Amino acid sequence: MSNIKNSFMLRAIELSIESVNSNGGPFGCVIVKNQKIIAEGNNQVTNLNDPTAHAEIVAIRKASSTINNFNLEGTQMYTSCEPCPMCLSAIYWSHIDKIFYGNTRVDAANIGFDDNHIYEELNKELTLRMIPMEQINKSDAIKAFEKWNLKSDKIKY
């Protein structure tokens, strides 16, 4: 691995250790554009009482704010652990080009961060999932979609 990649990953790992030291989860992340860190994040779930405040999500939010764009094409993510399903979805939505990771999801499961049940749930039919889902008010809800579909100046993402 090149020295520059190594330094970015070492910074993500440093953030994960800092997170543990400040009562957060053991996860850290940096986002890089043009060989420069544009955002850093560490796990803030317990500090913010926000279940979505994973290191990757925190970093994505900061990167988008830094470049004033929701599209992060041209960036790479260095994260101390393989992203969970939520973070992986956010990475795809933000169009990050590549992910470098340290620990695996198996390593995370071994210390109590097991996301396997989520991976399994995503493969199930809606009616078989642990959290019940029920469609209601579609005729009302569809109105926003119809309006969006007709909008000529929409910003696609």
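Predicted model: local features only at pLDDT ≥ 70, side-chain atom pairs only at ≥ 80, totals over all residues.
Me: OK, so helices (H or I, at least four residues) and strands (E, at least two) are DSSP runs, numbered from the N terminus. Where is Tyr157 found, then?

Reply: Tyr157 is in the segment after α7 (138–150). Residues are numbered from 1 along each chain as its sequence is written, and side-chain values use heavy atoms, leaving out hydrogens and water.

Me: Is Tyr157 buried or exposed?

Reply: Exposed, with a relative accessible area of 63%. Buried means under 20%, exposed over 50%, and partly exposed is in between (1.4 Å probe, protein chains only).

Me: Which residues form the nonpolar patch on the surface?

Reply: Phe70, Trp93, Trp148, Ile155 and Tyr157, with about 660 Å² of accessible area together. Patch residues have over 30% relative accessible area and no salt bridge; like charges are joined within 9 Å, nonpolar side chains (Val, Leu, Ile, Met, Phe, Trp, Tyr) within 5 Å. A salt bridge is a side-chain nitrogen of Lys or Arg within 4 Å of a carboxyl oxygen of Asp or Glu. Areas come from the Shrake-Rupley method with a 1.4 Å probe, and for residues only the protein chains shown count as cover.

Me: Now the sheet. What order are the strands in?

Reply: β2-β1-β3-β4, in an open sheet with mixed pairing. Two strands pair if DSSP finds at least two bridges between them.

Me: Which ones stand at the edges?

Reply: β2 (36–42) and β4 (98–103); each has a single partner strand, so one side of each has no neighbour in the sheet.

Me: And how do β1 and β2 pair?

Reply: Antiparallel, over six bridges, with β1 covering residues 28–33. For example, Val32 has Ile37 in β2 as its bridge partner, and Lys33 has Lys36. The two strands form a hairpin with two residues between them, and Asn34 in the turn has a positive phi of about 50 degrees.

Me: What about β1 and β3?

Reply: They run antiparallel too, joined by five bridges. Ile31 stands opposite Met77 in β3.

Me: Why is β1 largely enclosed?

Reply: Because five of its six residues are buried.

Me: Changing topic: where is Asp115?

Reply: In the loop between α5 (105–110) and α6 (116–122). Asp115 is partly exposed, at 23% relative accessibility.

Me: What is Asp115 in contact with?

Reply: Cys84 and Pro85, leaving aside neighbours within four places in sequence. Contact means heavy atoms within 4.5 Å.
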